[in-house]
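Open the model in your viewer and switch to a cartoon view.

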Amino acid sequence: MLRTNIRLLNSIEQLYAAQPRKEDIILRTFSAGERLLEQDCKAEKVFIIQEGLVKCYLTEKNDKRYLFEFLGKGEIVGEIEAIKKQNCLCTIEAISPVTAYSISIPFFLSLIDRDPEIPKLLLFELTDRISNTSSRASFQQLYTVEYGLSKLLQLQEVEKIRLSKEDMAAYLGISVRSLNRTLKQLES
């Protein structure tokens, strides 16, 4: 439900500390609600989250949102867009205050070419995403909405965040009305 990647975080922290002029990798902060990347827009940077939580979602043509991932420490966003030279696949928005390493795309691409550790870390990241996507699809098929909602409520408690009903419904793939009914069932 909440993904992290400490290996990638440790690697980028070492690169950040080693850079002589601190201009290729910059530490940036984002307020809750601020967007790091926006769907269908050009990605200007690649970000690796140092602290905080973001949500990843797609907005369909009918303006419905599908929230498919919560990302935390060490997770990378914008790398697919940088590698493929395409617009953003989804929107990445801060749920809590976020600190992230901001990497220029030319520098990120040069890291892939010259640092053998970076492609390995990216490969692990992408295989984890494929695995998590498959796991989540089967989870949604095999478990009830009530169970998924209870996991989301647990996430809120553990991470000390507040998810909107719209975000919870978008993550569970249900309407807000269905979410409200499920919340009432859990209360009784």
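Predicted model: local features only at pLDDT ≥ 70, side-chain atom pairs only at ≥ 80, totals over all residues.

**Stop 1**

Colour the strands. You are looking at an open sheet of 5 strands. Read across it and the order is β1-β6-β5-β8-β3. The pairing is mixed. Now select 2-3 and 35-37, which are β1 and β3. These two strands form the edges. Each has a single partner strand, so one side of each has no neighbour in the sheet.

Next, select residues 54-59 and residues 91-94. These are β5 and β8, and they pair in the antiparallel sense. The pairing runs over 4 bridges. Show the side chain of tyrosine 57. Which residue of β8 stands opposite tyrosine 57? It is threonine 91.

**Stop 2: the helix across the sheet**

Select residues 165-172. This is helix α6, and it lies across β5 and β6.

Colour by accessibility. How many of the 8 residues of α6 are buried? The count is 6, so the helix is mostly covered. The buried residues are Asp167, Met168, Ala169, Ala170, Tyr171 and Leu172. Step just past the end of the helix to glycine 173. Its phi is positive, at about 75 degrees.

**Stop 3: α5 against α6**

Show side chains at the contact. From α5, pick Val145, Gly148, Leu149, Leu152, Leu153 and Gln156. From α6, pick Met168, Tyr171 and Leu172. By class, this contact has 7 nonpolar residues, 2 polar ones and no charged ones.

An α-helix has 3.6 residues a turn, so residues three or four places apart point the same way.

**Stop 4: α5 against α7**

On the α5 side, display Val145, Glu146, Leu149 and Leu153. They meet Leu179, Thr182, Leu183, Gln185 and Leu186 of α7. Here the residues divide into 6 nonpolar, 2 polar and 1 charged.

**Stop 5: asparagine 5**

Go to the loop between β1 and α1 and select asparagine 5. Is asparagine 5 buried or exposed? Its relative accessibility is 12%, so it counts as buried. Leave aside neighbours within four places in sequence and list its contacts. They are Lys73, Gly74, Glu75 and Glu125.

**Stop 6: asparagine 87**

Finish in the loop between α2 and β8, where asparagine 87 lies. At 42% relative accessibility, asparagine 87 counts as partly exposed. Asparagine 87 and glutamate 38 are 49 residues apart in sequence. Draw the C-alpha to C-alpha distance between them, and it comes to 8.8 Å.

Last, show what asparagine 87 touches. Not counting residues up to four places away in sequence, these are Asp40, Cys41, Lys42 and Glu81.

Notes
Residues numbered from 1 in each chain as written. Heavy atoms only, no water. Pairing = 2+ DSSP bridges. Contact = heavy atoms within 4.5 Å. Axes fitted to C-alpha atoms, helices over the stretch in contact; angles between N-to-C directions. Nonpolar A, V, L, I, M, F, W, Y, C, P; charged D, E, K, R; others polar. Buried < 20%, exposed > 50% of the residue type's maximum accessible area, 1.4 Å probe, protein only.
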